[in-house]
Amino acid sequence: MGLIATIFEVLFGGGRNGVRDTIEVFRENTEKAAVREAVYRSAALDQFAGEFKVERKGRFDRFMDGLNRLPRPAMALGTLGLFVSAMVDPVWFAQRMQGIALVPQPLWWLLGAVVSFYFGARHQIKAQEFRRSIADTMSRAALVSDNIAALRALDSGAGIGGGDATVPGADAGAGAAAGDELGGGANAALDDWRRGDEQ
């Protein structure tokens, strides 16, 4: 017994598994690799959620956002209003156009720069919001793909006999009862439906 105990102590002594430690030199520990992968995925998802989380806007932010939306419709409706005023009261319109003709050239440049920067900033904000919405949609792609695969497996009958595919949220007891009932092909309505799909 002393020799066997000595051998076991050499192999597994010191609270460590010598065989396992030796094998892990040549082959990765699958359990530890799975833990590392889970931690990596969790950290990536946390970072992703932090970058693209929906921000909660206060009253002031909502007010400023509404104020920022006014210039485009004001310019569009104002331009259309000028056309209407030219037809309704040409003299009044001509007087206003004479006033615009007196605006110095540098002021036109300044107005052009302000409008250009305004539209450029709005375009950048909307582009960022669009990218955020795309990222939010893509984050749900894996769930949608899994649901489609489960539905296809259910449609092909793979989930009935073997129980490999299940529909998320489906009742397990109802699925087992359906598997018992449909496993032998005793449901005539289901057989007719399958034949209709093949045609």
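Guide: The answer below begins with the ground rules and the chain, then goes through the pairs and ends with other side chains.

This is a predicted model, in which local features need pLDDT of at least 70 and side-chain atom pairs count only at pLDDT 80 or more, while totals for chains, interfaces and linings use all residues. Residues are numbered from 1 along each chain as its sequence is written, and side-chain values use heavy atoms, with hydrogens and water left out.

The protein chain has 11 helices and zero strands; these elements are DSSP runs numbered from the N terminus (helices H or I, at least four residues; strands E, at least two). Of the 199 residues in the chain, 7% are buried. Here buried means under 20% relative accessible area, exposed means over 50%, and partly exposed lies in between (1.4 Å probe, protein chains only). Among contacts between residues at least 6 apart in sequence, 44% join residues at least 24 apart, a contact being heavy atoms within 4.5 Å.

Now to the request. The structure holds three salt bridges, each defined as a side-chain nitrogen of Lys or Arg within 4 Å of a carboxyl oxygen of Asp or Glu. One of them joins R36 and E28, with N to O at 2.7 Å. R36 is partly exposed, at 47% relative accessible area.

Another links R41 to E37, whose closest N and O atoms are 3.1 Å apart. Both residues belong to helix α3 (residues 30-52), and because they are four residues apart there, about one helical turn separates them. R41 is exposed at 53%, whereas E37 is partly exposed at 37%.

The side chains of R69 and D65 also meet in a salt bridge, at 3.1 Å from N to O. R69 is partly exposed, with 47% relative accessibility, but D65 counts as buried at 19%. D65 is found in helix α4. Setting aside neighbours within four places in sequence, D65 is in contact with K57 and R122.

Helix α4 (residues 59-68) also contains F63. Together with F60, L67 and L70, F63 makes a nonpolar surface patch of about 440 Å². Such patches are made of residues with over 30% relative accessible area and no salt bridge; nonpolar side chains (Val, Leu, Ile, Met, Phe, Trp, Tyr) are joined within 5 Å, and like charges within 9 Å. Accessible areas come from the Shrake-Rupley method with a 1.4 Å probe, and for residues only the protein chains shown count as cover. For the protein chain, the accessible surface comes to about 16,400 Å², of which 64% belongs to carbon and sulfur atoms.

Aromatic rings are a separate matter. A search of the whole structure finds one aromatic pair. The rings of Y118 and F119 have centres 5.1 Å apart and planes at 70°, so the pair is edge-to-face. Rings of Phe, Tyr and Trp (its six-membered ring) pair if their centres lie within 6.5 Å; planes under 30 degrees apart are stacked, over 60 edge-to-face, and the rest tilted. Y118 is buried at 17%, while F119 is partly exposed at 30%.
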